[in-house]
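Thanks for coming. I have one structure for today, and I will go from the whole chain down to a few details. Please have a look at it first.

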Amino acid sequence: LVLVLLLAVMVSLVVGAWPALHQFGIAFTWTEAWNPVKEIFGALSPLYGTLVTSFIAMIIGVPVSLGIAIFLTELCPNYLKRPISTAVELLAAVPSIIYGMWGLFVLAPLMQRYIEPFLIGTVGHIIFIGDLFQGPPYGIGIFTAGLILSAMVLPYMVSIMRDVFETVPPQLRESAYGLGATTWEVILSVVLPYSRVGVIGAFMLALGRALGETMAVTFVVGNSYHIMKSVLAPGSTISASLANEFAEADGMQLSALLALGFLLFVLTFSVIGFARLMLMRLEKRYG
């Protein structure tokens, strides 16, 4: 039944997107222009924004969530485990629109006044990566959206990795400590190798969550259909484009939006499928 439902969703998206796909062809994926007046549509800018914001979210969220999970399972005193775990899990219960409102009214002004000027004045002068942190400090943009996404995927990764780390047999830890290993040697040589499959699975599931996030990103991404070198500039994502325009769209614009939805469906499905394939290969290699 689930497979039939997925197939029905994909077919309905293809049928609705067919006029745009037929008119623009494969060039739809690398065309930047999005002009409803002239009925010229391209998916490059929303696709670029979706990938970059998700990449920023993972770059920030993965090390933080990994550190929190390691702290909770290996280093945290018992009387702090439950309060910290509960606090992290409460982040998952916050509605995405609340994240978006907090990002627009609290985080964006802080980004504009303090964080982005600091990045422009420091990282902006570094060779190669400096171009990514140039331009005026808008406060809203791709980088701000990535920060919001990193906070949203954090509780999912922490919960999964914490549970995976707790499945490591205590005999393995005790044996490593008995051989004279330090705490960090046990973490790096015993806990992480034993739970590598679950850790990678947590990363991939969080990436799928970040790719499809809508309301929080719509508030802070800037909703601009122009691709800029700087990640501080406004941009757009597929989900934000759908949220902003779907209610009033008609004709070719509606078909183009459905084509964007189809691309997001394929992208998310590909990420999850690649994750499953990689996990299967890891399980086969390491047993």
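The accessible surface of the protein chain is about 15200 Å². Carbon and sulfur atoms hold 71% of that surface. Keep in mind that this is a predicted model, so every value I quote is computed from predicted coordinates.

On burial, 43% of the 287 residues of the protein chain count as buried. As for extent, the C-alpha trace spans about 70 × 50 × 35 Å along its principal axes.

Charges next. The protein chain has 13 positive and 15 negative charges. The mean position of the positive ones lies 9 Å from the mean position of the negative ones.

Now the secondary structure. The protein chain has 11 helices and 2 strands.

What share of the contacts with a separation of 6 or more joins residues 24 or more positions apart? That share is 73% in the protein chain.

Is Leu149 buried or exposed? Its relative accessible area is 1%, and the cut-off for buried is under 20%, so Leu149 counts as buried. Setting aside the neighbours within four places in sequence, Leu149 is in contact with Thr53, Ser54, Ala57, Ala210, Glu213 and Val217. Leu207 is 58 residues from Leu149 in sequence, and their C-alpha atoms are 9.7 Å apart in space.

The largest pocket has a volume of about 180 Å³. Which element gives the most to its lining? That is helix H2, residues 44-75, with 6 residues. The lining of this pocket includes Tyr48, Val52, Phe55, Ile56, Ile59 and Ile60. Leu132, Phe133, Phe143 and Val231 also line the largest pocket.

As for cavities, the structure holds 1 of 30 Å³ or more. The largest cavity has a volume of about 40 Å³. Among the residues that line this cavity are Ser45, Tyr48 and Ile142. Its lining also takes in His226, Ile227, Met228 and Ser230, along with Pro234, Gly235 and Ser236.

Methods
Residues are numbered from 1 along each chain as its sequence is written. This is a predicted model: local features need pLDDT of at least 70, side-chain atom pairs count only at pLDDT 80 or more; totals for chains, interfaces and linings use all residues. Side-chain values use heavy atoms; hydrogens and water are left out. Helices (H or I, at least four residues) and strands (E, at least two) are DSSP runs, numbered from the N terminus. Buried means under 20% relative accessible area, exposed over 50%, partly exposed in between (1.4 Å probe, protein chains only). Contact means heavy atoms within 4.5 Å. Accessible areas come from the Shrake-Rupley method with a 1.4 Å probe; for residues, only the protein chains shown count as cover. Lys and Arg count as positive and Asp and Glu as negative; His and the chain ends are not counted. The place of a charge is taken as NZ of Lys, CZ of Arg, CG of Asp or CD of Glu. On a 1 Å grid over the protein atoms alone, a cavity is a set of points where a 1.4 Å probe fits but cannot get out, and a pocket is an open set with protein on both sides within 12 Å along at least five of seven lines; lining residues have an atom within 4 Å of a point. Grid points are joined across faces, edges and corners, and a volume is the space filled by probe spheres set on the points.
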